[in-house]
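Please find below some notes on the model, arranged as numbered points for discussion.

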Amino acid sequence: MLVHLHNPKRDVEVPGPLRVNDLVSHLGLSREAVLVIRGDSLVTGDVRLEDGDDIEIRPVISGGASD
Amino acid sequence: MRCRRCTQPAIIEIRRHRASFCTECFLHHCREQVRRAIDKHRMIAPDERVLVAISGGKDSLALWDILLDLDYEVDGVYLGLGIDDYSKESQGFAERYADSRGAKLHVVDIPTEHGFAIPDAARATKRVPCSACGLSKRHLLNRAAIDGGYDVLATGHNLDDEAAVLFGNVLQWHVDYLARQRPTLPAAEGFARRVKPLIRMGERETAAYCVVKRIDYIVEECPMAAGNKHLRYKEVLNQIEERTPGAKATFYLQFLNEMLPHLDNVAEEERAQVGTCSRCGAPSSQEICAFCKLVEKVG
């Protein structure tokens, strides 16, 4: 499957099948800090991703404001 | 995984609630979290005019969308920070959202109206950019609310933001900052009421809300914020949350319930010291307010 990552923007190929939570762990990310989007839909951690799926791992942590 | 409310297939799990939701029930959940925060902390009365601070990011656009859906009278204000392409891009997201909802968006461009950009201010003050940015936002957003005759200024600070700020304040025992860290800061002479209706929503939920509602927002992080201490605090808190779901919410919401009432006198004393800036007339505890000092340094 093709996985699109942010910060910095890049694409990586990851072999399937793989559950969403395992993909997030495989990439060394925290599931609290990302959303996983297949096509244009959110998917939960137990969903099995297949070769050929188009996946975006979207970071959700933003920061900067000091107040 | 199935939705807790209706048993349809779930699109998101929220571990701290031990719940998963389908699209419709998730949107209902988000609106309910905001409604509960507004009611509990007396943020907005039904007939009040609200100005929401819009950055073009997920939190502020989700907040604007939810407040509109809850039938509040709410306009937006975007502050142009002068951070090159990032500011132009984020303004584009804010304007496109406003157009899509037929909502009114005020734009205050700091370089045009005040003669400096945030990176200039950071260089002049020799402090991190987020410091000059936060100071400018507090001053100019309040001014926009007062000048526009709004009753309330709403910001998109979410549960993760508030937990990270609380963590930082506790690490250094900044008692005066802790006393000020309230979901609702009451109106006072020269101050609009400031409210944070997203305090019951984590930033994973606000991002998910935007994905589900097809709200386009700027995903990339502000280039000035890279490596700042609040991002580090969030990483630490997320490590704890991974092992103990609900830890962030307990940390922050119990602070509001258990600790903040003990700090009422500190906040009261601080409010009593607020006077007026001799240059711009804004509320200030000094003769010249921090924003006017900043403008002077950059100039």
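1. Is F116(B) buried or exposed? With a relative accessible area of 1%, F116(B) is buried, where buried means under 20% relative accessible area, exposed over 50% and partly exposed in between, with a 1.4 Å probe and protein chains only. F291(B) is likewise buried, at a relative accessible area of 3%.

2. This is a predicted model, in which local features need pLDDT of at least 70 and side-chain atom pairs count only at pLDDT 80 or more, while totals for chains, interfaces and linings use all residues. Residues are numbered from 1 along each chain as its sequence is written, chains are lettered from A and ligands numbered from 1 in the order in which they are written, and side-chain values use heavy atoms, without hydrogens and water.

3. Over all chains, a search of the whole structure gives four aromatic pairs (rings of Phe, Tyr and Trp, the last by its six-membered ring, with centres within 6.5 Å; planes under 30 degrees apart are stacked, over 60 edge-to-face and the rest tilted). W64(B) and Y97(B) form a tilted pair, because their ring centres are 5.4 Å apart and their planes stand at 50°. Since W64(B) belongs to helix α2 (residues 58–69) of chain B and Y97(B) to helix α3 (residues 84–101) of chain B, the pair ties together parts that are 33 residues apart in sequence. Both W64(B) and Y97(B) are buried.

4. F116(B) and F291(B) also make a tilted aromatic pair, with 6.2 Å from centre to centre and 45° between the planes. F116(B) sits in the loop between α4 (110–114) and α5 of chain B and F291(B) in helix α13 of chain B, so this pair ties together parts that are 175 residues apart in sequence.

5. R127(B) counts as exposed, at 54% relative accessibility.

6. Chain A has one helix and seven strands (DSSP runs, H or I of at least four residues for helices and E of at least two for strands), in the order β-β-β-α-β-β-β-β from the N terminus on. Of the 67 residues in chain A, 43% are buried.
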